[in-house]
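Please look at the sequence and the structure first.

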Amino acid sequence: MTAGVDRPGPHAPQEKVQQWLDSFPAVVDLGGRLLALERWCRAAGYFDHLAQENLYIDLRGGSGDGAALAMQVNYSREGYRPPAGGSACPLCFENVASEAKPHLRVHEFTLAGGAFFAHPTPFPLRPGHCVVNAREHEPMRIDGGTFREVSEFLARAKGWLAACNSDREGTGASVLGHHHVQIFPDLRLPVEDAPAAEGAVVAGDVEGALLNWPAAVFRLEGEAEHVSEVYSRLLDLWRPGDPENRSANFLARREGSRMTVHFFPRQRDFRTPGDLLEFKSEGVGIIEMAGELILPPRPVMNREENRAFFEREGYRIGYGIVSGNSPGRAQYPDEFWLSILREAAGA
C-alpha cells in the first residue's frame with residue numbers, strides 16, 4: 001500500500017507518521033490516508049479510554065410529517081475530564097504527541113491554499129470520525145472560504161460527509177476559538193432523505209428546496225462552484241439581520257463536480273426547551289440538527305433500560321430539541337424562508 005516507507009511503530013514521532021502517510025500511492029486518496037491514520041492511532045492506544053460503545057437507536061418513521069430521526073446514547077464521554085497539560089486549545093497542533101495526548105498523530109495537507117491537519121477525534125460519533133483543523137490557531141468561520149475548503153476536501157476524499165458547526169456562541173458552535181470541520185467516511189444523516197416542503201427553486205444548474213423538517217433547512221444541489229455562490233448569498237441574506245446572533249450549520253457531500261449541501265440557519269435566541277434540558281443540556285450542533293440526536297444515558301438506568309426508554313420517548317425528545325434550536329417554521333412562515341432561497345438563487 002505504501003511506496004517504500006514502513007508503517008511506523010506505536011511510539012513513532014509525528015514526522016515519521018507524516019512521512020508514512022505521504023508515501024501512499026496516488027490511488028489512495030485523502031480519505032484513505034485518514035482511515036489509515038485512524039487504524040494507526042487505534043493500534044497505538046489512542047482509543048483505549050473508550051470502555052463502552054455508544055447505543056444507536058433508529059427512530060425513523062416519525063410522525064408522518066417528513067421528519068425521520070435517529071439517536072445515539074453516548075456512553076463514550078461518561079466520566080470525561082479535560083486532560084491536564086497540552087495546549088489550552090483542544091484543536092491546536094501543539095497537542096500532537098503531548099503529555100496530555102501522547103498517542104495523537106495527524107495528517108498535514110493544504111486546502112484552498114491554506115495549511116490544515118486532520119486527526120481522529122478521541123470520542124468518535126461513528127467509526128472514522130475525524131476533524132480537519134486549520135494549522136494555525138484562528139477563530140471558527142463559516143464563510144465562503146470555509147465552503148471552498150470543504151469542497152476541495154470532499155473532492156480529495158471521495159464519498160465522505162463534511163459537517164460544519166457555526167461561528168457564534170449558542171448557534172451550534174463547538175470550539176469557537178479554532179477553525180475546524182468534522183468529517184465522516186460512512187455516514188448518512190436523516191435530513192438527507194427529508195422531502196421538500198415546497199416546489200424546487202432552480203437557478204441555472206442549482207436546484208434548491210426548503211425541506212419538510214423540524215428545523216428550517218435548505219437543500220442545494222448542483223455544480224460545486226455554483227452551489228458555493230448560492231450558499232454564500234444565503235449566508236449574506238440571513239446573517240445581516242442580527243450579525244452577532246445569527247450563523248449557520250451545513251452538511252456537504254460531493255460526487256465529481258456536483259455537490260449537495262444542507263444549510264441550517266441558526267440564531268442564538270433559539271435553544272433547547274426548558275422541559276428537555278434534563279435530556280440535553282449541552283449545545284446542539286450540526287449532527288443533531290441533521291437528525292441524529294446525541295444524548296447522555298439516563299443515569300438511573302442500565303443499557304437495556306436506556307434503550308427501552310429512548311425507543312419509547314426518543315422521537316418526542318429529539319423532535320423538540322431540533323425544533324427548539326431553530327428559528328424555524330413556527331417562528332417564520334415558509335414564505336419567509338422561500339423568499340430568502342429565491343433571492344439567493346436569483347430566481
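The model is predicted: local features need pLDDT of at least 70, side-chain atom pairs count only at pLDDT 80 or more, and totals for chains, interfaces and linings use all residues. Residues are numbered from 1 along each chain as its sequence is written, and side-chain values use heavy atoms, with hydrogens and water left out.

**Asp167**

Asp167 is placed in the loop between strand 6 (161-164) and strand 7 (180-184); helices (H or I, at least four residues) and strands (E, at least two) are DSSP runs, numbered from the N terminus. Asp167 counts as buried because its relative accessibility is 10%, where buried means under 20% relative accessible area with a 1.4 Å probe and protein chains only, exposed over 50%, and partly exposed in between. The side chain of Asp167 makes a polar contact with the side chain of Arg239 at 2.4 Å. For such a contact, a pair of N or O atoms lies within 3.5 Å; within protein, one must be able to donate a hydrogen and the other to accept it, and residues adjacent in sequence count only if both atoms are side-chain atoms. A polar atom of the Asp167 side chain also lies 3.4 Å from the backbone nitrogen of Ile142.

**Aromatic rings**

Rings of Phe, Tyr and Trp (its six-membered ring) pair if their centres lie within 6.5 Å; planes under 30 degrees apart count as stacked, over 60 as edge-to-face and the rest as tilted. By this rule there are 18 aromatic pairs. Two of them are tabulated here.

| Pair | Arrangement | Centre to centre | Angle between planes |
|---|---|---|---|
| Phe93 and Phe117 | edge-to-face | 5.3 Å | 85° |
| Phe279 and Phe309 | stacked | 6.0 Å | 25° |

Phe279 lies in the loop between strand 12 (258-267) and helix 5 (286-289) and Phe309 in helix 6 (residues 303-324), so this pair ties together parts that are 30 residues apart in sequence. Both Phe279 and Phe309 are buried. Phe93 and Phe117 are buried as well.

**Interior space**

The structure holds 1 cavity of 30 Å³ or more, a cavity being a set of points on a 1 Å grid over the protein atoms alone where a 1.4 Å probe fits but cannot get out. The largest cavity has a volume of about 80 Å³, taken as the space filled by probe spheres set on the points, which are joined across faces, edges and corners. Its lining residues, which have an atom within 4 Å of a point, include Leu111, Phe116, Glu149 and His180.

Notes:
1 Å grid on protein atoms, 1.4 Å probe; cavity = no way out; pocket = protein on both sides within 12 Å on 5 of 7 lines; lining within 4 Å.
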